[in-house]
Amino acid sequence: MGQKEILFVCHECDALQVVPAVEPGHDANCLRCKSHLFRNPRGGIDKPLALVIALMIAFVIANLHPIMDLTIVGVKLSTTITGAAYIFWQSGSPELAAIVWLPSVLIPGLIIAGLFYVLFSIRFQRNWPYTKPILVLIGRLQPWGMMDVFLLGILVSMVKLAALSSIIVGIGFYAFVLGVLLYAATLASLDTHTLWEGLKGLQSQTDSRDEFANG
Ligand SMILES: [Zn+2]
């Protein structure tokens with residue numbers, strides 16, 4: 001995706017400036033205060049799109065398969081993340097259920113689905129509705145998607161439970177670890193500025209098409 005010369009306001013010093021086209025893999029810095037403005041990521045939209053597709057697959061597998069199988073005093077337990085949250089819910093701790101489920105399932109799920117929607121829309125020039133509010137929502141949700149923190153929680157509980165029971169790590173756990181890595185890689189490969197420019201590009205194309213049709 002080629003970038004054009006754009007007008008940009010520095011977030012740090014408010015200097016309005018014309019930023020020339022930035023080569024892929026390079027950064028644009030403020031002319032006045034030298035602070036980082038944005039990056040034109042190498043691989044453009046293709047890389048985050050490929051990562052988010054792999055992430056979706058890992059995320060679905062992680063949610064459908066048990067995280068671990070436990071045997072405590074002869075009783076076998078096997079549960080998915082949502083299953084664990086549901087157990088907390090049933091045992092009268094809805095707060096705990098929410099703490100487990102929201103940052104590890106619902107919020108990352110929304111971010112992943114939203115990113116796929118926006119990236120696909122830009123990459124294949126589909127002017128799908130609501131891409132802009134979805135991109136804003138992703139930015140708001142991002143601090144609350146904490147799969148990595150949840151992974152740490154699983155590891156701690158595994159160590160504790162290993163003393164009491166025999167544990168077999170489930171497919172869901174491996175998929176979850178892969179998901180955490182892919183989640184970090186996807187977010188690292190994204191540049192919000194590039195996404196906004198991509199959406200703007202789509203919008204102007206559609207506008208000129210409309211003008212052509214109306215004129
Ligand atoms: Zn500046």
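Two strands are taken as paired if DSSP finds at least two bridges between them, and strands (E, at least two residues) and helices (H or I, at least four residues) are DSSP runs numbered from the N terminus. The structure shown is a predicted model, in which local features need pLDDT of at least 70 and side-chain atom pairs count only at pLDDT 80 or more, whereas totals for chains, interfaces and linings use all residues. Residue numbers start from 1 along each chain as its sequence is written.

**View 1. The hairpin of strands β5 and β6.** Strand β5 (residues 68-72) pairs with strand β6 (residues 75-79) in the antiparallel sense, over 5 bridges. Within this pairing, Leu-70 stands opposite Leu-77 of β6. The hairpin has 2 residues between its strands, and Val-73 adopts a positive phi near 35°.

View 2. Ala-85 counts as buried because it has 23 C-beta neighbours inside 10 Å; the criterion for a buried residue is 20 or more other C-beta atoms within 10 Å of its own, with C-beta atoms placed from the backbone. When residues up to four places away in sequence are left out, Ala-85 touches Ala-97, Val-100 and Trp-101, a contact being two C-beta atoms, placed from the backbone, within 7 Å. Gly-170 lies 85 residues from Ala-85 along the chain, and the C-alpha atoms of these two residues are separated by 17 Å.

**View 3. The contact between domain 1 and domain 2.** Domain 1 covers residues 1-40 and domain 2 covers residues 41-214, with bounds that come from an automatic or database domain assignment. Taken over C-alpha atoms, the centres of the two domains are 30 Å apart. In domain 1, 7 residues are in contact with 9 residues of domain 2. The side of domain 1 that touches domain 2 comprises 3 nonpolar, 3 polar and 1 charged residues; here Ala, Val, Leu, Ile, Met, Phe, Trp, Tyr, Cys and Pro count as nonpolar, Asp, Glu, Lys and Arg as charged, and the others, Gly among them, as polar.

View 4. The chain holds 7 helices and 7 strands, in the order β-β-β-β-α-β-β-α-α-α-α-β-α-α along the sequence. Its radius of gyration is 22 Å, well over the 17 Å that the globule rule gives for 215 residues, so the chain is more spread out than a compact globule. This radius is taken over C-alpha atoms, and the rule is 2.2 Å times the number of residues to the power 0.38. Of the 215 residues, 23% count as buried.

Notes. A residue is buried if 20 or more other C-beta atoms lie within 10 Å of its own, exposed if 12 or fewer, and partly exposed in between; C-beta atoms are placed from the backbone.
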